[in-house]
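I opened my notebook for a structure that is new to me. Here is the model I looked at.

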Amino acid sequence: MSGRLLIMSCSQAKVATLRDRLPARDLYDGPGWRCYRAWRRRKPVGAALLPVLVLSAEHGLIEARELVEPYDRRLDAARADELAACERSRALLAEALAGDPELFLFGGRAYAELLGRLMPGTYVWLASCDQRSRGIGDQLRALREWLDGRIW
């Protein structure tokens, strides 16, 4: 295993902006994204080295630095079927997993299932589906600990 990879699901909450597009990592404003941005401010060197992808209900799998417009779309079953067939997302995930990184997905069950469909056989360290995760507080703690390099 070499390196680490963080995949964050999109969030319904988005920052208010007058700009048409923002980097995905700055647009989403759910609790996980606020936690991630706080870590980026505390650990700028580590943040610069950590690859981060976004599993978006609108765009599929994208890089966190990719510019996106605000949108309102949920990941329902029909949309998951469409995104599971997205070759761009499959290629990006295959490239990101090439070095067999430690993977952490911060997202709900629907996003974990979609990730599994994009790359069958992928092992996912999943905060939201772990038996120890009972709510968003546990999920955020797991994300913080993973970002800080601590085993949880």
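These entries go from a pair of helices to the core and then to one strand residue.

**Entry 1, before anything else.** I noted that this is a predicted model.

I looked up how helix α2 (residues 31-42) packs with helix α7 (residues 136-147), and found an angle of about 25° with the axes 10 Å apart. Angles under 35 degrees count as roughly parallel, so I wrote down α2 as roughly parallel to α7. I also noted that α2 and α7 make a right-handed crossing.

Which residues make the contact? From α2 I listed P31, G32, C35, Y36 and W39, and from α7 I listed I136, L140, L143, R144 and L147. Sorted by class, the contact of α2 with α7 has eight nonpolar residues, one polar and one charged.

Next I checked the largest nonpolar core, and it has 46 residues. L6, I7, M8, Y28, L55 and L143 have the most contacts inside it.

Leaving aside residues up to four places away in sequence, L55 touches I7, M8, S9, C10, G60, L61, Y111, L114, L115 and L118.

I turned to L22, which lies in strand β2 (residues 22-23). Is L22 buried or exposed? Its relative accessible area is 5%, so L22 is buried.

What does L22 touch? Beyond residues up to four places away in sequence, I found V15, T17, L27, E66, L67 and V68. I also looked up R65: it is 43 residues from L22 along the chain, and their C-alpha atoms are separated by 8.5 Å.

Key:
Residues are numbered from 1 along each chain as its sequence is written. This is a predicted model: local features need pLDDT of at least 70, side-chain atom pairs count only at pLDDT 80 or more; totals for chains, interfaces and linings use all residues. Side-chain values use heavy atoms; hydrogens and water are left out. Axes are lines fitted to C-alpha atoms, for helices over the stretch in contact, and angles run from 0 to 180 degrees between N-to-C directions. Helices (H or I, at least four residues) and strands (E, at least two) are DSSP runs, numbered from the N terminus. Angles under 35 degrees count as roughly parallel, over 145 as roughly antiparallel, 65 to 115 as roughly perpendicular and the rest as oblique. A crossing is left-handed if the near helix is turned anticlockwise from the far one by less than a right angle, and right-handed if clockwise. Contact means heavy atoms within 4.5 Å. Ala, Val, Leu, Ile, Met, Phe, Trp, Tyr, Cys and Pro count as nonpolar, Asp, Glu, Lys and Arg as charged, and the others, Gly among them, as polar. A nonpolar core is a set of buried Ala, Val, Leu, Ile, Met, Phe, Trp, Tyr and Cys residues joined through side-chain atoms within 4.5 Å. Buried means under 20% relative accessible area, exposed over 50%, partly exposed in between (1.4 Å probe, protein chains only).
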